[in-house]
Amino acid sequence: MTADTHPIGRRERNKLDKLARITAAAGELFADRGVDDVTTQEIADKADIGTGTLFLYAKTKGELLLLVQNSMYAEALERGRAAAEGAGGVLEGVLAVVRPVVECNRKQIDNGRTYLREIVFGDPGEPHHRDALDLTAKTEELVAEVIARRDGVSTDQARALARIVSAVMFLTMAASVNAQQSIDQLVAEITEQLTAILPL
């Protein structure tokens, strides 16, 4: 029997169950009231665990938000990957990746903006922060793959442009002046900026 076929032990199952309960509880409370108006005690109570146990899975409320948002971001990125495969040109392909990320970030505006702030200023030593940075890197890799489909664009050029796309998307979503913009308005603003830099 290989390591891959070993059944998960009871202790590991219990840890996964608690993590799922914490993620679900935090996700529901954050969606209802926003991260700033929810306490860690409320999350622990809803997940039916002690606060000490909660802090074993996430040391801060910011880390809890990263835990919740990361799972939604990963799903959004996969939707973007699938949509980009059928895209006609570079801009269309890049926007196919960008739009689901913007939609994910805007499910609850304050949470989305706090998530972006946590990515920038959070502790990269914390596991959920590392996961968020990994998702950001995967997004840039996917955008670079889309851009590299264009004839005459080198891999290095595609990677550099992907970093710019990431910065444009990030700043457009995070800017206070855009806090009340709709998803369509944000995507239109991102599109306008990307049209100026991407090979069409």
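**Figure 1. Asp-48 in the loop between H2 and H3.** In this predicted model, Asp-48 belongs to the loop that separates H2 from H3. The residue is exposed, and its relative accessible area is 64%; the cut-off for this class is over 50%. Most residues other than glycine have a negative phi. Asp-48, although not a glycine, has a positive phi of about 60°.

**Figure 2. The crossing of helices H1 and H2.** Helix H1 comprises residues 10–33 and helix H2 comprises residues 40–47. Their axes come within 8 Å and cross at roughly 130°. An angle over 145 degrees would count as roughly antiparallel, and one of 65 to 115 as roughly perpendicular; H1 and H2 are therefore oblique to each other. The handedness of the crossing of H1 and H2 is right-handed.

**Figure 3. Residues at the contact of H1 with H2.** On the H1 side, the contact is formed by Arg-21, Ile-22, Ala-25, Ala-26, Glu-28, Leu-29, Phe-30 and Arg-33. These residues meet Glu-42, Ile-43, Lys-46 and Ala-47 of H2. Sorted by class, the contact of H1 with H2 contains seven nonpolar residues and five charged residues, with no polar ones.

Figure 4. Thr-53 is part of helix H3, which covers residues 51–57. With a relative accessible area of 24%, Thr-53 is partly exposed, because a residue counts as buried under 20% and as exposed over 50%. In sequence, Thr-53 and Ile-22 are 31 residues apart. In space, the C-alpha atoms of Thr-53 and Ile-22 are 10.0 Å apart.

**Figure 5. The protein chain as the setting of the close-up views.** The protein chain has nine helices and zero strands, and from the N terminus on its elements run α-α-α-α-α-α-α-α-α. Along the principal axes, the C-alpha trace spans about 55 × 50 × 25 Å. The protein chain has 200 residues, of which 42% count as buried. The chain exposes about 10,700 Å², and carbon and sulfur atoms supply 52% of this area. Among contacts in the protein chain with a separation of 6 or more, 68% are accounted for by residues 24 or more positions apart.

How values were computed. Residues are numbered from 1 along each chain as its sequence is written. This is a predicted model: local features need pLDDT of at least 70, side-chain atom pairs count only at pLDDT 80 or more; totals for chains, interfaces and linings use all residues. Side-chain values use heavy atoms; hydrogens and water are left out. Axes are lines fitted to C-alpha atoms, for helices over the stretch in contact, and angles run from 0 to 180 degrees between N-to-C directions. Helices (H or I, at least four residues) and strands (E, at least two) are DSSP runs, numbered from the N terminus. Angles under 35 degrees count as roughly parallel, over 145 as roughly antiparallel, 65 to 115 as roughly perpendicular and the rest as oblique. A crossing is left-handed if the near helix is turned anticlockwise from the far one by less than a right angle, and right-handed if clockwise. Contact means heavy atoms within 4.5 Å. Ala, Val, Leu, Ile, Met, Phe, Trp, Tyr, Cys and Pro count as nonpolar, Asp, Glu, Lys and Arg as charged, and the others, Gly among them, as polar. Buried means under 20% relative accessible area, exposed over 50%, partly exposed in between (1.4 Å probe, protein chains only). Accessible areas come from the Shrake-Rupley method with a 1.4 Å probe; for residues, only the protein chains shown count as cover.
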